[in-house]
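Trainee: Could we go through this structure together? I would like to learn how to read it step by step.

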Amino acid sequence: MSADGRHEGLAGTPPNPDAALSVRGLTKRFGSFTAVDGIDFDVPRGQIFGFLGPNGSGKTTTIRMLTGTSGPDAGQALVLGEDVINHPERVKQRFGYMSQKFALFEDMTVEENLRFYAGVYDLSPDRFARQREYVLTMADLHGRENELTANLSVGWRQRLALGTATIHEPELLFLDEPTGGVDPVARRQFWDLLYDLAGRGVTLFVTTHYMDEASHCTQLAFIYRGGLIAEGSPHDIRRDAITEQVIEVSVGDVDAALDWLEREPGVEEAYLSGARLHAVIDPAAAGAGTSGAGDPAAVVADYTGRLQRAGFADATLVTVEPTLEDVFVNLVARAQQP
């Protein structure tokens, strides 16, 4: 991690032609605004790579450069060993792309969508017949071949979009926030399909702002304001990114308790986590003047007493393992520091 909170990554090393994706110094500007700011990362083949960040952080812009639909202002990018910046045509038949809005023709039937994308990828009749059966089974659309796509539920459209993106059996699949607007059950079913693809050796590059989806990935990269602020496995990021103590607070008046925590000495960050509050505590600053200063149990006791004396008599506190949401909030706070 650099002094400004940016992840130092692989700067200074050449792109890796053996990786599914290898990026060095990738940069994209729109006028005076830098959407992607000199990022570096490698994605080994066969991984589920999660590219995480809030809306507007540079995720979609990065995908557009990696798929050859938008040229960068600086940097290098190898996709399946090919220079996608200078020769995008060499690799386009080898990857699939599923966009945020599901690139389907809603005024066409399921069958017509499948035939259209089979034509785009120039599938032979025999190969189309085989892949059509796979998609209809995977998407649970047998019997709906002649139904207009617009009449399908969001979950079915999502699976159909995945089917059209993989009908040519790509080696690499880009998925740009594919679960937006999908209910939790459909999201879980969709990730089961992604696991199946990964088990077949397909490399998956998934952008999302849902932190709970990050645990499904093999490797993660966090992007914020166009720059990478962390990279690694979910386990390693949780272990290394937060050295402070994370406390979960259950209290009746959540809003008032959050306002109090945000102003209390020793609390580095406080935020909602579901129906409870999470607070990132610097143990060295907490429990000052007590014999157990810095001890997790003493910190919990210290802040329980503080909250109760502040009028939150029902407050209960426990130490919890940092979630990826905790990690991201903490990393963003560091990146925002002058």
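Mentor: We shall begin with the whole chain and then turn to its parts.

Trainee: What kind of model is this, and how are residues numbered?

Mentor: This is a predicted model, in which local features need pLDDT of at least 70 and side-chain atom pairs count only at pLDDT 80 or more, while totals for chains, interfaces and linings use all residues. Residues are numbered from 1 along each chain as its sequence is written, and side-chain values use heavy atoms, with hydrogens and water left out.

Trainee: How many helices and strands does the protein chain have?

Mentor: The protein chain has 9 helices and 14 strands. Helices (H or I, at least four residues) and strands (E, at least two) are DSSP runs, numbered from the N terminus. The C-alpha trace spans about 75 × 50 × 35 Å along its principal axes.

Trainee: And what share of the residues is buried?

Mentor: Of the 338 residues in the protein chain, 52% are buried. Buried means under 20% relative accessible area, exposed means over 50%, and partly exposed lies in between (1.4 Å probe, protein chains only).

Trainee: What about contacts between residues at least 6 apart in sequence?

Mentor: Among those contacts, 67% join residues at least 24 apart. Contact means heavy atoms within 4.5 Å.

Trainee: Let us turn to the sheets. In what order do the strands of the sheet with E1 stand?

Mentor: The order is E2-E1-E4-E5, an open sheet of 4 strands with antiparallel pairing. Two strands pair if DSSP finds at least two bridges between them.

Trainee: Which strands stand at the edges there?

Mentor: Strand E2 (33-43) and strand E5 (82-83) do; each has a single partner strand, so one side of each is left without a neighbour in the sheet. Further in, strand E1 (residues 21-30) and strand E4 (residues 74-79) pair in the antiparallel sense over 5 bridges. Thr-27 has Ala-74 in E4 as its bridge partner.

Trainee: Which helix lies across E1, E2 and E4?

Mentor: Helix H1 (residues 59-66) does, running at about 115 degrees to E1. Axes are lines fitted to C-alpha atoms, for helices over the stretch in contact, and angles run from 0 to 180 degrees between N-to-C directions.

Trainee: What is the order in the open sheet that contains E11?

Mentor: That sheet of 4 strands has the order E12-E13-E11-E14, again with antiparallel pairing. Strand E12 (267-273) and strand E14 (316-319) stand at its edges, each with a single partner strand, so one side of each lacks a neighbour in the sheet. On average, neighbouring strands of this sheet are turned by 25 degrees against each other, direction ignored.

Trainee: Which helices go with that sheet?

Mentor: Helix H7 (residues 254-263) packs on the sheet and touches E11, E12 and strand E13 (276-281); its direction makes about 160 degrees with that of E12. H9 lies across E11, E12 and E13, running at about 135 degrees to E12.

Trainee: How do H6 and H9 meet?

Mentor: The axes of helix H6 (residues 234-241) and helix H9 (residues 324-336) come within 10 Å and cross at roughly 55 degrees. H6 and H9 are therefore oblique to each other; angles under 35 degrees count as roughly parallel, over 145 as roughly antiparallel, 65 to 115 as roughly perpendicular and the rest as oblique. Residues that make the contact include Ile-237 and Arg-238 of H6 and Val-327 and Leu-331 of H9.

Trainee: A new topic: where is Glu-213, and is it buried or exposed?

Mentor: Glu-213 is in the loop between strand E8 (203-208) and strand E9 (219-224). Glu-213 counts as buried, at 2% relative accessibility.

Trainee: Which side chains does Glu-213 join by polar contacts?

Mentor: The side chain of Glu-213 has a polar contact of 3.4 Å with that of Trp-191 and one of 3.1 Å with that of Thr-208. A polar contact is a pair of N or O atoms within 3.5 Å; within protein, one must be able to donate a hydrogen and the other to accept it, and residues adjacent in sequence count only if both atoms are side-chain atoms.

Trainee: Finally, what joins E9 to E10?

Mentor: 5 bridges join E9 to E10, and the two run antiparallel. They form a hairpin with 2 residues between them, and Arg-225 in the turn has a positive phi of about 50 degrees. In strand E10 (residues 227-232), 5 of the 6 residues are buried, so E10 is largely enclosed by the rest of the structure.
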